[in-house]
Amino acid sequence: MTKQEIIDRLVKQSGIRKRQISYIVDNFLDHILSSCNNGDKVEIRGFGTFCRAERKERNVFSPIAGKHLKLPAKSIISFKASKTTNKVLE
C-alpha cells in the first residue's frame, strides 16, 4: 500500500478533503522523522516504536563486481511493532 492509497482510504472514510488529509499525513510522517533524527523515540501505543539506530561499517561481497566492498557506517530508522500489532498479524 502506498502513501497515496492510505490518503485515498482516509478521504473515503472521513469525508475530509484530500488536500487536508494529505497535509496531515505528510506532517505526521515529518514529525516522526525529525524526532528520530533528534535522537528521540516515537512510541505509538498499540502500534509500535520508531527510533534511530546506528549501523556499523561492514564488509560485503558483491557478486556483480566479483569483489568485497566496504560499506560505511550509517544511521537508519528502526521500527519495533508492539505486542498488539504482532497479535493482529498472526
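1. Basis of the note. The model is predicted, so local features need pLDDT of at least 70 and side-chain atom pairs count only at pLDDT 80 or more, while totals for chains, interfaces and linings use all residues. Residues are numbered from 1 along each chain as its sequence is written, and side-chain values use heavy atoms, with hydrogens and water left out.

2. Helix H1. Helices here are DSSP runs of H or I with at least four residues, and strands are runs of E with at least two, numbered from the N terminus. Helix H1 covers residues 3-14, which is 12 residues, and spans 16 Å from its first C-alpha to its last, close to the expected 16 Å; that expectation is 1.5 Å times one less than the number of residues. Gly15 follows H1 and has a positive phi, near 80°.

3. H1 against H2. The axes of H1 and helix H2 (residues 18-37) come within 9 Å and cross at roughly 130°, where axes are lines fitted to C-alpha atoms over the stretch in contact and angles run from 0 to 180 degrees between N-to-C directions. H1 is therefore oblique to H2, given that angles under 35 degrees count as roughly parallel, over 145 as roughly antiparallel, 65 to 115 as roughly perpendicular and the rest as oblique. Residues in contact (heavy atoms within 4.5 Å) include Ile7, Leu10 and Val11 of H1 and Ile21, Val25 and Leu29 of H2.

4. Phe47 with Phe79. Rings of Phe, Tyr and Trp (its six-membered ring) pair if their centres lie within 6.5 Å, and planes under 30 degrees apart count as stacked, over 60 as edge-to-face and the rest as tilted. The count by this rule is 2 aromatic pairs. One of them is the tilted pair of Phe47 and Phe79, at 5.3 Å centre to centre with 45° between the planes. Phe47 sits in the loop between strands S1 (42-44) and S2 (48-55), whereas Phe79 belongs to strand S5 (residues 74-81), 32 residues apart.

5. Phe50 with Phe79. Phe50 and Phe79 also form a tilted pair, with centres 4.8 Å apart and 45° between the planes. Phe50 lies in strand S2 and Phe79 in strand S5, so this pair ties together parts that are 29 residues apart in sequence.

6. Exposure of the rings. Ring pairs link Phe47, Phe50 and Phe79 into a cluster. Buried means under 20% relative accessible area, exposed over 50% and partly exposed in between (1.4 Å probe, protein chains only). Phe50 counts as buried at 17%, whereas Phe47 is partly exposed at 39% and Phe79 is partly exposed at 39%.
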